[in-house]
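Thanks for making the time.

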Amino acid sequence: TEGAIRDLQHQTYVVKNLLLHMSEPQPNPPPTATTKKLLDDVVARCHSPVESGPSISVGDMRFSASTPWFEVYRKTFYENMRVSDHEFIRHYVACIFVVSTNHSNPIDEFSRMVQKQMVKMKEEKYPKYISPNHVFLYRLLLHDNLDGNESRLPTLQNEL
């Protein structure tokens, strides 16, 4: 897939194969026993043959360059691990607020969403080195060229 991003200076950037991992923070991940069972299950269900995928050859011997069961184990482990004071893997570093240009008042909606998020972040317990002031807040104004009002777009961009 391919998309275009335009910044506030009206410079357009083409983005190919953009991959973002967006998720809702989970204050209470599953219990440890549930996570262990889940890890056992994903490894047991992984039936990728060793012959498939990239391989490394040393002399007459051929080895798989990947370990499919470990890759699914690692992905599942990272998705379900608890946030801790000594690991940075599951810590969210940014919050993206998305509002459509078709919204009746997108600028006010951005303000309302940011205020709501700041209140939520102050109420929740974070590790000692993270505070609400250390999370990046991004505002994404989403415009549909087929359905949106082109004349309104420059005004909204300038207000941001």
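Predicted model: local features only at pLDDT ≥ 70, side-chain atom pairs only at ≥ 80, totals over all residues.

Lys-75 counts as exposed, at 52% relative accessibility. Its salt-bridge partner is Glu-79, with the closest N and O atoms 2.8 Å apart. Glu-79 is partly exposed, and its relative accessible area is 33%. Both residues sit in helix H2, which covers residues 68-80, and because they are four residues apart there, about one helical turn separates them.

How many salt bridges does a search of the whole structure find? It finds three, and the Lys-75 pair is one of them.

Another one joins the side chains of Asp-41 and Lys-37, at 3.0 Å from N to O. The spacing is four residues within helix H1, residues 32-45, so Asp-41 and Lys-37 are again about one helical turn apart. As for accessibility, Lys-37 is exposed, with a relative accessible area of 51%, while Asp-41 is partly exposed at 27%.

Then there is Arg-112 with Glu-109, where the closest N and O atoms are 2.6 Å apart. These two are three residues apart in helix H3, which also puts about one helical turn between them. Is Glu-109 buried or exposed? At 16% relative accessibility, Glu-109 counts as buried. Arg-112, at 42%, counts as partly exposed.

That brings me to H3 itself. This helix has 18 residues. From its first C-alpha to its last, H3 reaches 26 Å, close to the 26 Å expected at 1.5 Å a residue.

Which residues of H3 are buried? They are Pro-106, Ile-107, Glu-109, Phe-110, Val-114, Met-118 and Met-121. Why do they lie on the same side of H3? Because they cover an arc of only 165° around the axis. The face of H3 turned away from that buried side carries the exposed residues Gln-115, Lys-116 and Glu-123. On the buried side, the cover includes strand S5, strand S6, which is residues 136-142, and helix H4.

Now the core. The largest nonpolar core has twelve residues. Among them are Ile-107, Phe-110, Val-114, Met-118 and Met-121, which are also on the list of buried residues in H3. The largest share, five residues, comes from H3.

Last item, the cysteines. A disulfide is a covalent bond between the sulfur atoms of two cysteines. How many disulfides does a search of the whole structure find? The count is zero. Two cysteines can still be described by their accessibility. Cys-46 is partly exposed, with a relative accessible area of 21%. The cut-off for buried is under 20%, so Cys-95, at 16%, counts as buried.

Conventions
Residues numbered from 1 in each chain as written. Heavy atoms only, no water. Core = buried A, V, L, I, M, F, W, Y, C linked by side-chain atoms within 4.5 Å. Buried < 20%, exposed > 50% of the residue type's maximum accessible area, 1.4 Å probe, protein only. Expected span 1.5 Å × (residues − 1). Arc of directions from axis to C-beta. Contact = heavy atoms within 4.5 Å. Salt bridge = Lys/Arg side-chain N within 4 Å of Asp/Glu carboxyl O. Disulfide = S-S within 2.5 Å.
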